[in-house]
Amino acid sequence: LIPIHNNSNNINNCGTGKQASSPGSLQQAVHALKPACLILLTDGECLKRPKNEGGGPLQLQFNLPLRELYREPFRWDQRTFCIGIGASNHHVDNLHPSLKAFCGVTGGCHASINTVSDIPRVTELFSHLIAPSIPIQWPLPNPLQLPHFPSLDNLDKPKNQIINGEVFVNGGPICCFQQLEAMTTGTQAPPIHRAMLLYTPSYPHGIDSKPQSPPIWCIPESFFPSKKIENLPPRTAQPILNFARHYQVIGTNTFDPIHVMKSLHRLDQILTSNCMLTHGGNIKPNQVKVLQQDVYVCHWTSHGTVNSRIHRPTTQKGQEHFPVCIRGAGRPSLFEGGDNILNIGILHIPESSSKPSTLTLLPPDPHVLLPLLLKAAEAENRALKKAVEKREKSASDAEAVNLTSVSKNVLLDENWRSEFRAYLFRLPPYYQHSLRRSLRQLLPARVQSLLS
C-alpha cells in the first residue's frame with residue numbers, strides 16, 4: 001500500500017529524487033515520505049518446508065496491473081521486523097536466513113518470543129526502534145557552526161530546552177553511508193553504515209512556536225535523467241550516500257567542508273546586515289532570509305539482530321565534518337574519465353558518541369553555488385550602504401531613498417550570470433522547484449529570471 005500511496009500522491013516518484021522528511025508531531029511536510037514498519041510474526045516453518053507443502057524460497061508476488069507500482073521490492077521507506085514465535089533456547093535459529101537478511105537490509109531487526117514473559121521485552125525494544133527518542137537538548141544547535149565562529153548576536157535566538165519522553169513519530173527512512181576514498185582507489189570496499197534519517201525543524205521563536213519552512217532538499221537519484229534512457233535504472237535497497245574523510249584524495253569532485261561552513265557563516269552575516277540596513281536595524285528572526293539547510297538526526301541502526309552492535313562511523317577530534325555526495329547523480333558530460341558525483345550536504349559525526357550525528361542537506365554542489373551567492377549579497381550590501389549614506393545626507397524627505405527598491409535593483413555583471421547558468425546546468429532538472437523556492441528570496445530581482 002505504501003508504493004500505491006506514494007505514487008498516487010506524487011511522492012518519491014522514480015527519477016525525481018527522494019524527499020527524506022518524515023511527518024509526525026514535529027513537522028508536517030507537504031511531500032514527505034510516510035515510513036511504514038512491517039512486523040512479521042512467524043514460527044519459521046513456512047520457508048523450511050518443501051515447495052509442495054507451501055514452502056520454498058522467499059519470493060515476491062506481483063499482480064500484473066500493479067507491476068509498475070512495485071519496481072522497488074525493498075523500498076527505503078519500509079522497515080521489516082520479524083518475531084520468531086516458539087524459538088528454542090531464546091535463539092532465532094528457527095528463522096530462515098532470507099527473513100534475517102530481509103530485516104537487516106530494510107533497517108529493521110529480528111527477535112524471538114519463547115515465553116509470555118518475553119512479550120513485554122520485545123514490544124518495548126521494537127517500540128524504541130520504530131519511534132526513536134528525541135535528543136534531550138532540543139532544538140539541536142547548528143551542526144555547521146564552528147566553535148570559533150560567533151553566533152549572530154543581533155537576533156534573539158531561542159535557547160535549547162530539555163525534553164524527556166518525546167519521540168519521532170513513525171521514525172524515518174533508512175539510508176546507507178559509505179566512505180568514498182576506498183571506492184575511488186579500487187581497494188577493498190569500505191563497510192556500509194545504516195542510519196534512520198529523522199528531520200529536526202528549527203524554531204525561530206521558541207520550541208512552542210510554529211517551526212520554520214518544511215524541508216525542500218531531496219536526496220538525488222544515482223543516475224542523471226535523460227531522454228535517451230528508455231527505462232529508469234533500478235534503485236538499491238536504500239540510497240547510498242558516500243562521504244569523504246580526506247577530500248584532497250578525491251580531487252575537485254568534492255569539497256572542503258570547513259570552507260563551505262565558513263562561506264555559509266559569512267553569507268548569513270551579510271544577509272543579516274542587508275536586512276538590518278533595509279529595515280533600519282529593528283528586525284525579527286523571521287525577517288532575515290537565509291539559505292535553507294535541512295538538518296536530519298542520523299539514528300544509526302544495527303545489521304538485523306537485536307543484540308548486534310550499532311555500526312557508527314569512527315571519527316576524531318578536529319575531523320568531525322565530512323562532505324556527502326551521490327555517485328552517478330551529476331551530469332556525465334562534466335566528468336570525463338571519472339565518477340559523475342553530485343555533492344548534497346555535510347555529515348557531522350561528533351567525537352563523543354553521546355551527541356547525535358546529523359546530516360545537513362544543502363543545495364547541490366554548495367561549493368559552486370556559495371561563491372555566487374556571496375558576490376550577489378556583497379553587491380547588495382554595497383548598494384544599500386551607499387543608499388543609506390545618501391539618505392543621511394538628504395536634506396528633505398522628498399529626496400529620501402527607497403531602500404527596498406535599491407535592494408531589488410542590484411546589478412550583477414554578465415560574468416556572474418554566465419557562472420550561475422553553468423551552475424544550473426550541472427544539476428538534475430528535478431531540483432529546479434526547490435532552487436526557485438530557496439534562492440528567489442536571496443537573489444536580486446533582476447537576476448531571478450535565471451531561475452525559471
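Biologist: Phe 243 and Phe 322: buried or exposed?

Modeller: Both Phe 243 and Phe 322 are buried. Buried means under 20% relative accessible area, exposed means over 50%, and partly exposed lies in between (1.4 Å probe, protein chains only).

Biologist: What are the ground rules?

Modeller: This is a predicted model, in which local features need pLDDT of at least 70 and side-chain atom pairs count only at pLDDT 80 or more, while totals for chains, interfaces and linings use all residues. Residues are numbered from 1 along each chain as its sequence is written, and side-chain values use heavy atoms, with hydrogens and water left out.

Biologist: How many aromatic pairs are there?

Modeller: The count is seven aromatic pairs. One of them joins Tyr 199 and Tyr 296.

Biologist: Why is the pair of Tyr 199 and Tyr 296 called tilted?

Modeller: Rings of Phe, Tyr and Trp (its six-membered ring) pair if their centres lie within 6.5 Å; planes under 30 degrees apart count as stacked, over 60 as edge-to-face, and the rest as tilted. Tyr 199 and Tyr 296 are 5.4 Å apart centre to centre, with 55° between the planes. The distance makes them a pair, and the angle falls to the remaining class, so they are tilted.

Biologist: What makes this pair a link between distant parts of the chain?

Modeller: Tyr 199 is in strand β7 (residues 192-199) and Tyr 296 in strand β9 (residues 294-300), 97 residues apart. Helices (H or I, at least four residues) and strands (E, at least two) are DSSP runs, numbered from the N terminus.

Biologist: Why are both called buried, Tyr 199 and Tyr 296?

Modeller: Tyr 199 has a relative accessible area of 6%, so it is buried. Tyr 296 has 0%, so it is buried too.

Biologist: How do you know that Phe 243 and Phe 322 are a tilted pair?

Modeller: Their ring centres are 5.8 Å apart and their planes stand at 55°, so tilted is the label. This pair also links distant parts of the chain: Phe 243 is in strand β8 (residues 240-243), Phe 322 in strand β10 (residues 321-327), 79 residues apart.

Biologist: Which residue lies over the face of Phe 322?

Modeller: Arg 245, at 5.3 Å from the ring centre. A charge sits over a ring if NZ of Lys or CZ of Arg is within 6 Å of the ring centre and within 35 degrees of the ring normal. Arg 331 also has its charged end over a ring, that of Phe 425, 3.9 Å from the centre.

Biologist: Which residues do ring pairs link into a cluster?

Modeller: Trp 416, Phe 420 and Tyr 423.

Biologist: How many salt bridges does a search of the whole structure find?

Modeller: Three. A salt bridge is a side-chain nitrogen of Lys or Arg within 4 Å of a carboxyl oxygen of Asp or Glu.

Biologist: What makes Asp 365 and Arg 426 a salt bridge?

Modeller: Their side chains meet at 3.0 Å, N to O. That is inside the limit, so the term applies. The pair links the loop between β12 and α7, where Asp 365 lies, to Arg 426 in helix α9 (residues 414-426), 61 residues apart.

Biologist: Why is Thr 360 called buried?

Modeller: Its relative accessible area is 0%, so buried is the label. Thr 360 lies in strand β12 (residues 357-361).

Biologist: And why is Leu 41 called exposed?

Modeller: Leu 41 has a relative accessible area of 54%, above the cut-off, so it is exposed. Leu 41 is found in strand β1 (residues 36-42).
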